[in-house]
Amino acid sequence: MAIILFKQVALLLVCLSHVVSFNLSSNVYRFVIKSPCTRCVSSPINLQATSTSSTERNTADSKPKNIKPTARYVAISALAKASDGSFATRELEQSSHYQSLDQRDKAFARLLVATVERRLGQIDIILKNCISKYPPKKGKHSNMIQSTLRVGVVQLVLLDTKPFAAIKETVQVLRIHRPKVPEPMIKFVNGVLRNLSRPPKGEDTDELMLGQKLLKEKTSSQDNIAPWLLKRWQRDWGDEKTKLICEEMIPSDDSLVNSRIDLSTIYSLGVINGNNDHKDKLQSLMTDLGDDCTLLPQGSIRVGSSLKGDVKLWPGYENGVWWVQDASSTLPAIVLTSALYDKHEDDISGLHVVDMCSAPGGKTSQLLSAGYRYVTAIEANPRRSRRLSENLERLGMKCEVVVEEGQNWKPTDAVHGILVDVPCSATGTGSRRPDVLRRTDNLTELLSIQETLANHCADNILNVGGIMVYATCSILKEESEDQVHKLIQRGNVETLPIQPHEVPGFEQAVDDNGWLRVLPGVLEGGLQSTDGFFVARLTRK
């Protein structure tokens, strides 16, 4: 029996040359699965002679080994799951394996995912230049193989990880993955990454390795942005501003990536309105958060690099005095409150305001902290509305949360002000959500929702003389300026110009219409790094 089994194993090893071949010429790998030879088919190996049955062996292979997942494993798994178009960072945060990592490994996993998302266009160009057929054909393991290759490129080319660790630990992810990845595929990935970690053939060992050379000669940061989007920006803002936007969202040097975190507080609006008591409390909070925190001109706190780890453990979180909110997204509530203060002689305690499309609740929290009598938050998505309610509960705030499509909701009493932050392409958030920079150019449905929602708010919700703020986190005119022009042409509303002094730090963003247009990378000082945003303030005739 032993002799027969030995012959069958030897036959299998010979036939492997008929199954897999690699072409290593010109730094290009060609991965080919050939048809089994007739010798292999006509002489099947009898596995029943071994101590483990074929059924038992297959069952064992399908079960995950008891191996602690690494940062690379959870990052690659999140990217593979996100290949269906979802946001990889969200997939990462929802992973139980990610939650089990220590803070250092969590940070590394997030870095890997964020860098792949931000540099995806350049990464894929590098891989296309060293693999003859890329991306891999869709199959059982294709997402995992592609994600592993991308994470390998990130480490070797963009993060300067030592090649031995980058390759060994990344390839190991495929070995522990279940369902089991075939060994030829694992060897293929290993070969590609090793090739990228060496100088091109025929060049001195002191030269750049192949991956770095391809990055420098074949790619640019603009490769990470959909071509249609670049053309729209160039049309709307010109070449010079488009370059500034791209450099802010996708810096050519990864060491310049600004992972900013801005906090709004229950004192921020009071500081803008000259409340000295709120100013003192804000300064005290900044001391608790760290000496390298910065107070931005419109009242937000920009967190310094010394504050790390889980935000739930930061000073003030449990006390409900702050929430995470980008500085530019505070502007709609600021200009709405400013106008209502002026209109009602600094007394807004009897007013009713509405926050349309309100989740996750940053702007709702601003309105509640301002001192309005009654705030109504409208949110169509049940899951997002639950998150809104949870956020308000932590902050110790209460308001009516209505789960309904905004265009269907009508108030039962007078509305003095409404904030309409419409659903949009979110292209202004590209520095934090690089996936939005690769979206398709089909905006038809979004544009229709924006127009319907804005018309409904102006016609059916707002009182005569009331204030409406239309806002988007898009840097496309068709979702922003063009929509407001159409709304005004209907004749129910007119612009109530935003004055530069109302938006400290954003004075340069006020345009000739009296609207706010914030472009990433364009403003001076600390606010150069902020989300793109558009805000128009209108009054009902």
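Ala, Val, Leu, Ile, Met, Phe, Trp, Tyr, Cys and Pro count as nonpolar, Asp, Glu, Lys and Arg as charged, and the others, Gly among them, as polar. The model is predicted: local features need pLDDT of at least 70, side-chain atom pairs count only at pLDDT 80 or more, and totals for chains, interfaces and linings use all residues. Residues are numbered from 1 along each chain as its sequence is written, and side-chain values use heavy atoms, with hydrogens and water left out.

**Exercise 1.** Determine how the lining of the largest cavity divides into nonpolar, polar and charged residues.

*Solution.*
Step 1. A cavity is a set of points, on a 1 Å grid over the protein atoms alone, where a 1.4 Å probe fits but cannot get out; lining residues have an atom within 4 Å of a point.
Step 2. The lining consists of Ser 264, Thr 265, Ser 268, Leu 269, Ile 272, Gln 298, Ser 300, Trp 323, Thr 330, Ile 334, Gln 366 and Ser 369.
Step 3. Sorted by class, these residues give 4 nonpolar, 8 polar and no charged.
Step 4. Strand S3 (262-265), helix H14 (268-272) and helix H17 (362-370) each supply at least two lining residues; the largest share, 3 residues, comes from H14. Helices (H or I, at least four residues) and strands (E, at least two) are DSSP runs, numbered from the N terminus.

**Exercise 2.** Describe the length and burial of helix H16.

*Solution.*
Step 1. H16 comprises residues 331-343, which is 13 residues.
Step 2. From first C-alpha to last, H16 reaches 18 Å, close to the 18 Å expected; the expected span is 1.5 Å times one less than the number of residues.
Step 3. Of the 13 residues, 11 are buried, where buried means under 20% relative accessible area (1.4 Å probe, protein chains only).
Step 4. Among the buried residues are Leu 331 and Ile 334; Ile 334 also lines the largest cavity.
Step 5. After H16 comes Glu 345, with a positive phi near 55°.

**Exercise 3.** Identify the residues that touch the most other members of the largest nonpolar core, and examine the contacts of Phe 506.

*Solution.*
Step 1. A nonpolar core is a set of buried Ala, Val, Leu, Ile, Met, Phe, Trp, Tyr and Cys residues joined through side-chain atoms within 4.5 Å.
Step 2. In the core of 62 residues, Trp 233, Tyr 372, Phe 506, Leu 516 and Val 535 touch the most other members.
Step 3. With neighbours within four places in sequence set aside, the contacts of Phe 506 include Gln 298, Leu 331 and Leu 516; contact means heavy atoms within 4.5 Å.

Definitions and conventions: Buried means under 20% relative accessible area, exposed over 50%, partly exposed in between (1.4 Å probe, protein chains only). On a 1 Å grid over the protein atoms alone, a cavity is a set of points where a 1.4 Å probe fits but cannot get out, and a pocket is an open set with protein on both sides within 12 Å along at least five of seven lines; lining residues have an atom within 4 Å of a point.
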